Amino acid sequence: MNHAFTHSGSASAAVGALTPEAEPPAKMSAKGVDVYYGDIHAVKNVSLDISKQDVTALIGPSGCGKSTFLRCFNRMNDDIAGCRVTGDITLDDNAITGSEMDVVELRARVGMVFQKPYPFPKSIEENVAYGPRIHGLARKGVELDEIVERSLRLAGLWDEVRDRLDSPANSLSGGQQQRLCIARALAVEPEVILMDEPCSALDPIATAKIEELIEELRGSYAIAIVTHNLQQAARVSQITAFLHLGELIEVGPTSKIFTNPANQKTDDYITGRYG
Amino acid sequence: MARSNSRWQSQAFKARLRRRNASERRFRILGISAVLLAGAALSLLLVSVISNGYRAAYRAEIELDVYFDADLLGIDRSAPGASLEIPASADFRAVLRAALVERFPDTEGRSAIRELTALLSRGAAAELADRLRAEPELLGQHARVWVPASDDVNSLLAIEERTSGTEFTTRLSDQQVARVETLAADGQLKSHFNGRFFSAGDSREPELAGIGGALVGSALTILVVLVVSFPLGVAAAVYLEEFAPDNISTRLLEININNLAAVPSIVFGLLGLAVFLGFFGMPRSAPVVGGLTLALMTFPVIIIASRAAIAAVPSWIRESARGLGASPVQVVAHQVLPLAMPGILTGTLLGLARAMGETAPLLMIGMVAFIVDVPTGFTDAASALPVQIFLWADSPERGFADKVSGAILVLLILLGLLNGAAFLLRQRFENRW
């Protein structure tokens, strides 16, 4: 686990990437995003980039709007009655809000892993094959089998389940189920993966496996992760954003946020004075 | 410490505790007696129905040595072979009469012979014709044949069986009773299992009447109910639960559907009468109309059960599927409906069971008719099992009382099977997530 931390610490390239002149185009970019639940102003004027090479962590106390903000990136908030999102969000410089992009296409390109490791109550194979099937990515059995195997390998689950692809997904342990959910998201071959507290329901060993997996996926996918576990953010991310009461307080290289934050609130939070 | 100790030791507290325990016991006793009372009522019903109902499937039959007399029947024997033409005028009654007189040679006079033939059912001749049709080689031969006895003989046997040794009243004359006793003593009068009860249509004669026509009528009706109300009900439930905006008109719709489930069934009958018969001019007494009418009644039940089942599907399943890019319809079709289906089917089966036991709406659309033929299609005149029970219960003949119990037994068994299937579905698919 320390390994991941030193790795993030050595991500000086990420620090350099933040300076405007050397900055590569962000995979996704949010500018001035506000989210309202009815009268409640949950996210206030937040701007944040999700870079292609790095893992971006969103931290903050409960109810600070970090999950709500994350869900804006694949418009999951659209499905919540009374929820309103304003501001500009782009994927490869194309707006994803409004009618410019079909929400089905967006969610295929921006996958999501949820807090609770709940696969569909179907077989392991069907769980992974579901995404490709609904998008028509693979019709034939062999093709689908290949996608299932590749996704399960990527998620580090293949060796554990290769002999029982037909058994029900909820016969797996909690950690395995969460990796299955990641495999399920990977099977659609997304460009971005959003993770909403993916380890909060897992034990430390399963958490470590997920964190290793995130490290392996880094670089191939743009990854954003919401976590309430500060050590986890420090271990897996290169960029950290701190939200408090719906506002983005500070964003920067993880090493800087955790060792030398610019804002007093950030300092108070990471040193455990509240949250 | 001392203070709290004295609080728990005080007389007042102990009295309160005693009162609480006493009320606990009272409540338990009340609950147990309620359960016992309900159980007793149910077993009383079952015992009474079963003890009378099994008799419906039995009938008294008399064994006769019948001579299939070609001349008496007016059948031309010149063309023997497989294709035996039995003319409509063939007088099988005469054959039976001859056989009876042969059995009791001391019978003399027309009235005595009439009394003798009255021991046989009016359907005996028709059954004899069926027998000859099945076995043409019997023509011109003697054969021992069991033919149905009349309702009065059935009643006599039933009464003797029930109140042996005591006085009984019968519509039979002393002479007839003596004949019956002779036949019984010789083993030529026996109670036989009567398959006709399950296959035949209605009849004026209890010993010939069966629930076959009503069963087919009920089956056709229920099929129409299923085909009409299941897809509509599930579609309405999916729309209301998954797609409908949460506004005043949706809520009004919901309230109306819930109220519809509580509308007395006879009102649906009136609606069916006005709409299907009056406006659309559909055929009277037809299973298709009965089915449509009962479908109107079952529809809200299915909607309510389906909505509950759909609402019980955890929201994370929808969220996971949407997160993978499934469209709303795909989320419903691939994830929500398969998981809600056991609950939906349970509700549907219960709704169907209710529709199957319903009489009042069918009365309004003319399915309460004396129908002898077993229906063969959705537009044939038909009755239904509960209506048949209602009709028989209204008949004066003694033998119909047993038929009523028998038909009730069959109806209860069918309803039990439907409810059992619903129970099994629930058990089988419970706690899938």
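In the predicted model, the buried residues of helix 14 of chain B are covered by elements that include helix 4 (103-109) and strand 6 (110-113) of chain A, together with helix 15 of chain B. The residues of helix 14 of chain B that are buried include B:Ser320, B:Ala321, B:Arg322 and B:Gly323. Helix 14 of chain B is followed by B:Gly325, a residue whose phi is positive, near 95°.

The contact between the two chains draws on 20 residues of chain A and 16 residues of chain B. On the side of chain B that touches chain A, helix 14 (315-323) and helix 15 (328-356) of chain B each contribute at least two residues, and the largest share, six residues, is supplied by helix 14 of chain B. Sorted by class, this side of chain B comprises six nonpolar, six polar and four charged residues.

Taken as a whole, chain B contains 18 helices and three strands. Its radius of gyration is 31 Å, whereas a compact globule of 433 residues would have a value near 22 Å, and the C-alpha trace of chain B spans about 105 × 65 × 40 Å along its principal axes. Of the 433 residues in chain B, 37% are buried. When contacts in chain B between residues at least 6 apart in sequence are considered, 76% of them join residues that are at least 24 apart. Chain B is divided into domain 1, which covers residues 58-194, and domain 2, which covers residues 212-429; the C-alpha centres of these two domains of chain B lie 45 Å apart.

The three strands of chain B form an open sheet in the order 2-1-3, with antiparallel pairing. Strand 2 (142-148) and strand 3 (189-193) of chain B stand at the edges and have a single partner strand each, so that one side of each is left without a neighbour in the sheet. From one strand to the next, the twist of this sheet averages 40°. Strand 1 (residues 58-67) of chain B pairs with strand 3 of chain B over five bridges in the antiparallel sense, and within this pairing B:Tyr58 has B:Phe193, in strand 3 of chain B, as its bridge partner.

Two helices of chain B lie across strands of this sheet. Helix 4 (residues 92-103) of chain B lies across strand 1 and strand 2 of chain B and runs at about 85° to strand 1 of chain B. Helix 6 (residues 124-134) of chain B also lies across strand 1 and strand 2 of chain B, in this case running at about 135° to strand 2 of chain B.

In chain A, strand 1 (residues 28-37) and strand 4 (residues 83-91) run antiparallel and are joined by eight bridges, with A:Ala30 having A:Ile89, in strand 4 of chain A, as its bridge partner. Strand 4 of chain A also pairs with strand 5 (residues 94-95) of chain A, over two bridges and in the antiparallel sense; here the bridge partner of A:Thr90 is A:Ala95, in strand 5 of chain A. The hairpin of strand 4 and strand 5 of chain A has two residues between the strands, and in this hairpin A:Asp92 takes a positive phi near 50°.

Notes
Residues numbered from 1 in each chain as written. Chains lettered and ligands numbered in written order. Predicted model: local features only at pLDDT ≥ 70, side-chain atom pairs only at ≥ 80, totals over all residues. Helix = DSSP H or I, 4+ residues; strand = E, 2+ residues; numbered from the N terminus. Rg over C-alpha atoms; globule rule 2.2 N^0.38 Å. Buried ≥ 20, exposed ≤ 12 C-beta atoms within 10 Å, placed from the backbone. Contact = placed C-beta atoms within 7 Å. Nonpolar A, V, L, I, M, F, W, Y, C, P; charged D, E, K, R; others polar. Pairing = 2+ DSSP bridges. Axes fitted to C-alpha atoms, helices over the stretch in contact; angles between N-to-C directions. Domains from an automatic or database assignment.
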